Number of protein chains: 2
Amino acid sequence: MKSSHRKSRSVYLYEEVYNYIQTRMERGEWKKGDKLPSIRELSSILQVHRLTVFKAYQQLKIDKKVTVKDKSGYYILDHSPLITLQTDDHIQNAFLHKSTLSEIHQIPVKFQFSQALIDPNLLPNRYFSEYVKKVFDLYPKVLGTYSTVQGDEELRETLANYFRKKHNLHVEPEELLITSGSQQAINLIAHSLIKPRDTVLMERPTYSAAIDIFRGQGANILTVDIYQNGYNMDIVEQLMKKHKPRLFYLNPTFHNPTGYTVPTEQRKQLVELAEKYKCLLVEDDPFHDIYFDKAPPAPLFTYDSSGYVMYISSYSKYVAPGLRIGVVASRQPLMKILLTAKSLADNGTPLLNQKMFLHYFTSERMQQHLEKLRIALQIRKEIMEDALSQSELKWVSPNGGLNLWVKLPSNIDSMALLSKCVEQSVSFVPGHICDSRNQLHSWIRLSYSFASEKDLKEGIEKLCYCLRTL
Amino acid sequence: MKSSHRKSRSVYLYEEVYNYIQTRMERGEWKKGDKLPSIRELSSILQVHRLTVFKAYQQLKIDKKVTVKDKSGYYILDHSPLITLQTDDHIQNAFLHKSTLSEIHQIPVKFQFSQALIDPNLLPNRYFSEYVKKVFDLYPKVLGTYSTVQGDEELRETLANYFRKKHNLHVEPEELLITSGSQQAINLIAHSLIKPRDTVLMERPTYSAAIDIFRGQGANILTVDIYQNGYNMDIVEQLMKKHKPRLFYLNPTFHNPTGYTVPTEQRKQLVELAEKYKCLLVEDDPFHDIYFDKAPPAPLFTYDSSGYVMYISSYSKYVAPGLRIGVVASRQPLMKILLTAKSLADNGTPLLNQKMFLHYFTSERMQQHLEKLRIALQIRKEIMEDALSQSELKWVSPNGGLNLWVKLPSNIDSMALLSKCVEQSVSFVPGHICDSRNQLHSWIRLSYSFASEKDLKEGIEKLCYCLRTL
C-alpha cells in the first residue's frame, strides 16, 4: 500500500464530515444558533479521527458557516434549507452539479460563436422533411410503438454494416446502443462506470460538458495535454501506471476545442496502454466525417481487440440534429451495464426518431449532402480566419471539425473579453471552461459552423474591435 | 444527536472499506493470492476504527473473496477485473445498478401482461400520422434545430394553459420541463436530489423501475403501505418526523400496480406534512385521464403553495407513446436544479417530438380519442376480470389505470407461477419487484392494456391452467 492512499482517503473523510454537517444544516435539522457536537463527540459518533472532525470544523469556519465562541464550542451561523435556496451559488454548492456550457449558450446574442452546431440553413430541410414523411407509411404504427431499450434492430444492423464498410470494423448489432445524442452516451457511461473518487483522464482542453458530467459523478479528474501532434505518450503511460484511472475520455479526431487529430501511431499505442493498465478508452468521435482536406485516421476502436475502447459516434450532428440520434459501440460485458443505465434513464430512444434517421442515413442524398456540407463549412472557416487575420490572435488552422481554438494576447483574460463581446451581441466559449483545472484563461473557442457567412464576418469584426478596446 | 446516526454511519464506513478493497481487486491492483494489509495497517491508512476494517474483512470472507490463513492474515481468493466480468451477477455486484422490470419485459411471450403500455392498435395511428406530417410544413427547419434544454416554449405554454383549465392550477411555462417520458423525469429527480444514504419514502408496492432508480442512487428506502383508501397518515407523519426523508415518491391516482386512488383529504394532509417536515412530494401521475367511472381527485400539486410538490405528467402514454414526451412541473429553485441535470443528460428532448406532440395534443381528435380509449380499456379490463373469475384469485377492481393487482393463494409463489406461465408464453410482473423490501411474493400485476381482447381471454385461461398445476 502506498502513502498516496492515505492522503486521498484522509481528504475524503474530512470532506465527508463536512458534507454530513452541511446536509443536516441544509435540511434544517441543525439550525442557526445551534451548537455543534464537540469534536470528541462527533468523532466517536462518526468513528473517525478527531483531527478529521477538527479539519471539517475549521473549513466550516473558513466558509463562514459556523462561528467559534471561546471555550464553549462551535455554533451554526447560517443554514440554507434546500427549499428556500435563492441563488445559483447556493444551489451549486449544495449539489455540485452544474452545466457551464449550457449557461454560456443561454446568453442571447446575434453573433453566436459559442455553439458548435451546424447552421440549420446548411441542412436540406425541405427535401429531408418530404423524404422522412415516408416513414409513417413504411411503419404505420411508429407513433404508438416503443423502441427496445437498446434501439431499433434495423438501425443497429445498418450501422454495424456501415462500420464494417467504412472502417473495416467488425461490430455486431448487439454491440451497439442507440442513444439520444452523444451527450446522453457520455452521461450513461459516467453514471454506470464512475463512482465518487474514481480517477478519470481527460484531455486538456476538452469538451466542457464532459467535465461537468464526470465531475458531477464525483470523479477525480487528471488531465492529459493535447498538442498538434497528439499527446506526450510517456506522460499518458505514467498517469495510467501511477493513478490507475478508470477511463480516459478522449476526442482524438478534429478534437473539440482545438481541432487537433491524434496520429495513427499514437492511436495504436493508446489501445495497448489501455489494455496494459486496464483503463477504458471512451472515444468520442462526432467530427470524423467533417474533414476539409483528407479523411482522418481510423478510430481507436478499430485497433481494439480486447474490449478496452467504447466508441461514441453521432452522425446526427450533421445528418439531422433535430432527431438527436447517437450510437455507442462497446464489447460485452460493458454493453450490458450501459443497457441497464439506458433503461433507467429513459427506457429507449423514440422509435420514430430512429426510423427517420435510418431512412435518411441510407439515402443517396445523404452522401451528397455530406460532401456539400464539408465545402460549406470549409468556406465558413476561411471567412472566420480571414476576418481574424486583421488581429494579433493566433490559432492553428484545423483540418476538420467546427471550431477554431484561439490564443489571446497573454495580458487579455477571456472572461473580460466575453463581457465586452456580449455587449456587442457576440458570444464564444472561454477556454477555462474547457479545462478541468480552470486555467487556460487566455484561450477562446470560436465555432464557425452556426453563424451565417455574413454574420461570421461582422461578428468577428466586432470581436476584434472589443479586443482593441481592452 | 441521536444514536441512529451512529448506526447508519458505522454501517456505511464498513461498506466503504469493503468497496475500497473490492474496487482495487476489480481493477487488478490487488490480485489473487495477494495478502491484504493487516487490520491495524489499513485502519491507519483509511483513518477508521479497527473494528470497521475487521467487519469489512469478515464480510469479504463470507462473500468468499478472501480467505484467512492461520496467524498469517487475509489473502485474496478471487479477483474479477471489470473488463473480464462474465456473468450478470458480477456486474450487478460491481455496480449496484439494475433494471428488474426491463428484464421481465424482455421475456419473449405471446400473452404479454407485464407491459403497462397501450396496445398500439388502440391508437389512431393512420390519422395521427397524416396529421403530424403537417408539422414539417409548419416548422420547415424542425429536423435541423435543437430544442432548448427546458423544452419548446410553445409546448410549455400550451401545457401551462391546459393545467390551468383542467385543474385550475396556476403554473408558469418557466415552471415546466419537457422530458423524454416520465421515466426520464424520475431519473433526473433522483440524480439531482438524492445523494447516497439519503432517505426516500416510497409506496409499497410501487413502480419497480423507480425502486431501481432510487436504489441506484444509493438511497435508503423506507416504505409506506398503500391501501384501497390511501395511506395510514399517522405512519406517514411518524416516518417523516423520525427519518427526515428527502422526498416521498408517490403515484396517488390509479396507483401502479394496485389501481388505488388516494382520497382528497389525504392529499391535502400530505402537502401540509411535506411542508412541515421539509419532505418533497414527487407526484407521478401518468394515469390521471385513464378513468372508467368518474374523474379522480385533483393532483396533490394543486394544494401546494410552497414548492414542496413536483408533478410528473405523461400524456404521451395514451396520446403518442412513440414520441416519449413527459413533463415535470416544479417551482423554483428546484426547477433550476432539474434543468442542469437535463442539460447534462441529453441537452433537451428532440424538437420534432415536442412539436408533433403539441400539434396532436391540441387537436379536437385527441379528446375524442381519449374518450374512446377509456371505453376500450374498460372493456379489456372486464374481459380480463371475467376470465380470472373462474379462478380463486382475488383483486380489487380498479376505477382507472392499466393494471390489476392480484392476490395469489398464499401457498403459491409468484416466481414459480411465472416460470410455469412463461412456458405457456404468458408473462406478468411478480409482486416482489414492486416492493423495495422484496416481499409480496404472493401478489402479481396483470396489465390489461397491451394484449388484444382475444389474447386477454386466451392468456388468462393459460394462467389459470398454470395455477391449477401448481
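Trainee: How far apart are the C-alpha centres of domain 1 and domain 3 in chain A?

Mentor: Those centres lie 40 Å apart. Keep in mind that this is a predicted model.

Trainee: OK. Which residues go with which domain in chain A?

Mentor: The assignment puts 3-94 in domain 1 and 125-365 in domain 3. Domain 2 is written as two pieces, 100-120 and 372-469.

Trainee: Switching to the pair of chains. What rotation puts chain A on chain B?

Mentor: A rotation of 180°, with 0.1 Å of shift along the axis, superposes chain A on chain B at an RMSD of 0.1 Å. The two copies are thus related as by a two-fold rotation axis.

Trainee: Which C-alpha of chain A is nearest the axis?

Mentor: That of A:Val48, at 2.7 Å from the axis. As for the contact surface, the same one serves both copies, since 100% of the contact residues of chain A recur in chain B.

Trainee: What about charges? How many salt bridges are there over all chains?

Mentor: The count comes to 25. One of the networks links A:Glu130, A:Lys133 and B:Asp137.

Trainee: Let's stay in chain B. What does B:Arg331 pair with?

Mentor: B:Arg331 forms a salt bridge with B:Glu175, and their closest N and O atoms are 2.8 Å apart. B:Arg331 sits in the loop between strand S10 and helix H14, and B:Glu175 in the loop between helix H8 and strand S4, so the pair ties together parts 156 residues apart in sequence.

Trainee: Are those two buried or exposed?

Mentor: B:Arg331 is buried, and so is B:Glu175.

Trainee: And which residue does B:Asp435 bridge to?

Mentor: B:Arg204, with 3.0 Å between the closest N and O atoms. B:Asp435 is in the loop between strands S14 and S15 and B:Arg204 is in strand S5, so this bridge ties together parts 231 residues apart in sequence. B:Asp435 and B:Arg204 are both buried.

Trainee: Where does B:Lys342 come in? What is its partner?

Mentor: B:Lys342 meets B:Asp346 in a salt bridge of 3.1 Å, N to O. B:Lys342 counts as buried because its relative accessible area is 0%, and B:Asp346 is buried too, at 1%.

Trainee: Back to B:Arg331. Which buried residue has B:Arg331 as its nearest side chain of opposite charge, but no salt bridge?

Mentor: B:Asp304, with B:Arg331 4.9 Å away. A salt bridge here needs the side-chain nitrogen within 4 Å of a carboxyl oxygen.

Trainee: What does the B:Asp304 side chain reach instead?

Mentor: Backbone nitrogens: that of B:Tyr308 at 3.1 Å and that of B:Val309 at 3.2 Å. B:Asp304 lies in the loop between strands S8 and S9 of chain B. Apart from neighbours within four places in sequence, B:Asp304 is in contact with B:Val271, B:Val309 and B:Arg331.

Trainee: What other residue is found in the loop between S8 and S9?

Mentor: B:Asp285 is found there. B:Asp285 is buried yet has no salt bridge, and B:Arg267, the nearest side chain of opposite charge, is 6.0 Å away.

Trainee: Which side chain does B:Asp285 join in a polar contact?

Mentor: That of B:His288, at 2.7 Å. Beyond four places in sequence, the contacts of B:Asp285 include B:Thr253, B:Pro299 and B:Tyr311.

Trainee: How far is B:Met384 from B:Gly144?

Mentor: Their C-alpha atoms are separated by 46 Å, and the two are 240 residues apart along the chain.

Trainee: And in chain A, where does A:Ile383 lie?

Mentor: In helix H16 of chain A. A:Ile383 counts as buried at 18% relative accessibility, because the cut-off is under 20%.

Notes: Residues are numbered from 1 along each chain as its sequence is written. Chains are lettered from A and ligands numbered from 1 in the order in which they are written. This is a predicted model: local features need pLDDT of at least 70, side-chain atom pairs count only at pLDDT 80 or more; totals for chains, interfaces and linings use all residues. Side-chain values use heavy atoms; hydrogens and water are left out. Domain bounds come from an automatic or database domain assignment. Copies are superposed by least squares on the C-alpha atoms of residues with pLDDT of at least 70 in both. Contact means heavy atoms within 4.5 Å. Helices (H or I, at least four residues) and strands (E, at least two) are DSSP runs, numbered from the N terminus. Buried means under 20% relative accessible area, exposed over 50%, partly exposed in between (1.4 Å probe, protein chains only). Lys and Arg count as positive and Asp and Glu as negative; His and the chain ends are not counted. A polar contact is a pair of N or O atoms within 3.5 Å; within protein, one must be able to donate a hydrogen and the other to accept it, and residues adjacent in sequence count only if both atoms are side-chain atoms.
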